[in-house]
Amino acid sequence: MRPIVKIEGGTGKMILIGQFDFNLHRDFRQASQELLDNPEVKLIEIDFDQVPFIDSSALGMLLLLKERAALQKKSLELHNCNDAVRQVFESAQFNKMFTIR
């Protein structure tokens with residue numbers, strides 16, 4: 001399923017549903033671009049509430065988005081991570097590179 005994008009004020013939220021893996025690559029990039037292209041968006045939140053699993057390609061997609069957001073002076077936060085997703089982030093030391101709420 002394609003990520004759901006919502007924009008509220010200066011915050012752009014991307015809601016992910018299902019496994020976040022390479023199969024989501026194209027849709028994630030399109031949704032990311034929508035948020036990056038919006039000049040009102042200063043903070044990008046990625047909502048993992050409905051994500052049971054992520055793989056290494058998902059980590060790469062998040063790193064690329066973080067770099068692209070930084071070039072546009074936008075912040076990126078990862079929200080509502082379950083224990084399995086949080087464990088992957090901690091193993092990859094994403095907790096040192098990203099704000100995880």
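Two strands pair if DSSP finds at least two bridges between them. Helices (H or I, at least four residues) and strands (E, at least two) are DSSP runs, numbered from the N terminus. The model is predicted: local features need pLDDT of at least 70, side-chain atom pairs count only at pLDDT 80 or more, and totals for chains, interfaces and linings use all residues. Residues are numbered from 1 along each chain as its sequence is written, and side-chain values use heavy atoms, with hydrogens and water left out.

**View 1. The hairpin of β1 and β2 has two residues between its strands.** Gly9 takes a positive phi near 65° in this hairpin. β1 and β2 (residues 11–17) run antiparallel and are joined by five bridges. Val5 stands opposite Met14 of β2. Lys6 stands opposite Lys13, also in β2.

**View 2. Five strands form an open sheet with mixed pairing.** The strand order is β1-β2-β3-β4-β5. β1 (4–8) and β5 (99–100) stand at the edges; each has a single partner strand, so one side of each is left without a neighbour in the sheet. β2 and β3 pair in the parallel sense, over six bridges. Met14 has Ile46 as its bridge partner in β3.

**View 3. Helices α1 and α2 pack with their axes 11 Å apart.** α1 covers residues 25–37 and α2 residues 56–71; the angle is about 15°. That makes α1 roughly parallel to α2. Axes are lines fitted to C-alpha atoms, for helices over the stretch in contact, and angles run from 0 to 180 degrees between N-to-C directions. Angles under 35 degrees count as roughly parallel, over 145 as roughly antiparallel, 65 to 115 as roughly perpendicular and the rest as oblique.

**View 4. Side by side, residues of α1 meet residues of α2.** From α1 come His25, Phe28, Arg29, Ser32, Gln33 and Leu36; from α2 come Met61, Leu62, Leu65, Arg68 and Ala69. Contact means heavy atoms within 4.5 Å. The residues of this contact divide into six nonpolar, three polar and two charged. Ala, Val, Leu, Ile, Met, Phe, Trp, Tyr, Cys and Pro count as nonpolar, Asp, Glu, Lys and Arg as charged, and the others, Gly among them, as polar.

**View 5. Phe20 and Phe48 form a tilted ring pair.** Their centres are 6.1 Å apart and their planes stand at 45°, so the pair is tilted. Rings of Phe, Tyr and Trp (its six-membered ring) pair if their centres lie within 6.5 Å; planes under 30 degrees apart count as stacked, over 60 as edge-to-face and the rest as tilted. Phe20 lies in the loop between β2 and α1, Phe48 in strand β3 (residues 43–50), 28 residues apart.
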